[in-house]
Amino acid sequence: MGSTVPDLPILAKDDSMLSRKFGREIANYFSGSPLNRISFLRTDYGFLRAAFAHPGAAFLLLDNLSPLAKDAANLSYVTRDIVVPLTGEEPFKKSEQEQVKEFNSAITPPVVLFLGIDEKKPGFEYREYRGKPYFAIDITPRGTIADKARSIIDIVKANGVSFIDGRRLLSLNAPEAAIYAEARALLDWNNRNPFCGGCSQPTMSINAGWKRLCPPSDLAVVSEDGVPKERADCATRHGISNLSFPRTDPTVIMAIVSADGTKLLLGRNKRFPPFWYSTLAGFLEPGESIEEAVRRETWEESGVKVGRVVIHSSQPWPYPANLMIGAIGQATPGGETIHLGHDEELDDAKWFPFDEVRDAVVNGTSGLGEPAPAGYNEGGLRLPPHTAIANQLIQAVLKGYLDVVSKM
């Protein structure tokens with residue numbers, strides 16, 4: 001991926017009352033997309049047909065969730081003529097009802113995902129909506145489309161671009177990181193849900209990749225007279241089902257400050273490089289507030305008891321589909337004793353003085369798979385890069401988040 005660390009998203013200037021009181025909104029890496037998703041048009045197949053057919057439409061190809069890219073910082077998009085051999089001329093020609101009626105689980109349809117329009121790039125118009133359409137297409141060779149997918153992969157590689165590893169891709173420029181995060185999370189969700197969670201029968205992707213549907217019949221299973229057999233009833237076909245829509249898993253991640261406001265609690269697990277620490281984190285559980293999750297996870301992992309909790313910012317994390325909810329909390333007086341015996345997730349946890357953390361922010365930040373930066377002294381504290389929300393939480397504390405007049 002290289003050693004260049006991308007800039008974070010830059011939000012438009014805002015002089016609202018909220019910004020004057022709390023400071024500017026924090027935009028973390030993978031957020032700040034340049035696209036308007038216009039989600040209400042995903043069921044409008046007239047819109048989808050027109051957007052797909054527009055000569056200015058851009059298509060991002062992903063092979064096993066690895067995106068096509070010019071280099072480590074820039075994605076590479078293809079035009080419609082490249083993808084048509086896989087998708088067909090008009091993948092959105094048929095209505096949802098027609099697609100459901102013709103569902104055949106023996107055929108592997110390509111997932112064509114509508115990402116949104118870039119309103120700063122004119123050309124395409126549909127009613128009052130204007131902008132360049134963006135799609136993502138899964139060209140992973142699989143099933144009945146394997147040969148066509150391989151052919152497209154060979155064509156684009158011959159043009160001098162390549163697919164870069166998408167497992168922990170943190171080198172893209174900020175706007176394209178947000179586009180990739182949307183594409184990766186949605187294609188991964190489609191791939192993980194080929195069968196219905198309600199009845200275990202094969203599902204199909206509709207609404208331009210934003211919904212999975214359990215059809216009532218399947219052309220792959222027909223009776224002796226050639227009529228598709230009706231499948232068993234499924235609860236997901238009645239009303240709105242959370243099994244039919246993309247999943248996002250909320251996760252709390254927290255910078256915990258000592259009771260006297262001079263130290264920061266950091267932990268490490270066994271997969272971290274030597275001397276590499278980060279803020280604590282954990283999944284939000286059902287029936288639990290964000291603040292309660294911060295207190296529970298901190299105590300379970302480190303034994304530290306937390307009082308006041310304040311939400312700082314959030315970060316979409318497409319590995320595979322998390323929303324990292326960043327918070328800052330303060331340990332209670334007398335509740336700072338570290339005990340790792342409750343939940344043995346951490347290999348170590350320590351209280352670090354602010355001055356030591358400040359030095360690490362300057363000289364010791366790097367990604368998990370990257371070497372320590374120049375200027376790092378062996379044995380010193382190492383921290384995540386600023387593309388991780390953990391780094392932003394740490395910096396917020398060091399920059400005076402706990403002052404009387406806090407700035408988010």
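Analyst: Helices (H or I, at least four residues) and strands (E, at least two) are DSSP runs, numbered from the N terminus. This is a predicted model, where local features need pLDDT of at least 70, side-chain atom pairs count only at pLDDT 80 or more, and totals for chains, interfaces and linings use all residues. Residues are numbered from 1 along each chain as its sequence is written, and side-chain values use heavy atoms, without hydrogens and water.

User: What volume has the largest pocket, and which residues are the closest to its centre?

Analyst: A pocket is an open set of points on a 1 Å grid over the protein atoms alone, with protein on both sides within 12 Å along at least five of seven lines; lining residues have an atom within 4 Å of a point. Volume is the space filled by probe spheres set on the points, which are joined across faces, edges and corners. Here the largest pocket has about 1,200 Å³. Of its 36 lining residues, Ile 107, Thr 108, Pro 109, Pro 110 and Ser 205 are the closest to its centre. Helix H3 (80-87), helix H6 (174-192) and strand S8 (204-206) each supply at least two lining residues, and S8 gives the most, with 3.

User: Which elements supply the lining of the second largest pocket?

Analyst: That pocket holds about 940 Å³ of space. Among its 36 lining residues, Arg 168, Arg 271, Phe 272, Trp 317 and Leu 368 are the closest to the centre. Strands S12 (249-257), S13 (263-268), S14 (280-283), S15 (306-317) and S16 (322-331), along with helix H9 (389-398), each supply at least two residues. S14 has the largest share, 4 residues.

User: How many cavities does a search of the whole structure find?

Analyst: A cavity is a set of points where a 1.4 Å probe fits but cannot get out. The search finds 2 of 30 Å³ or more.

User: Is Arg 212 buried or exposed?

Analyst: Buried means under 20% relative accessible area (1.4 Å probe, protein chains only), and a salt bridge is a side-chain nitrogen of Lys or Arg within 4 Å of a carboxyl oxygen of Asp or Glu. Arg 212, in strand S9 (residues 211-213), is buried yet has no salt bridge; Asp 138, the nearest side chain of opposite charge, is 8.8 Å away.

User: Which residue's backbone oxygen does the side chain of Arg 212 reach?

Analyst: That of Asn 193, at 3.2 Å.

Methods:
Buried means under 20% relative accessible area, exposed over 50%, partly exposed in between (1.4 Å probe, protein chains only). Lys and Arg count as positive and Asp and Glu as negative; His and the chain ends are not counted. A polar contact is a pair of N or O atoms within 3.5 Å; within protein, one must be able to donate a hydrogen and the other to accept it, and residues adjacent in sequence count only if both atoms are side-chain atoms.
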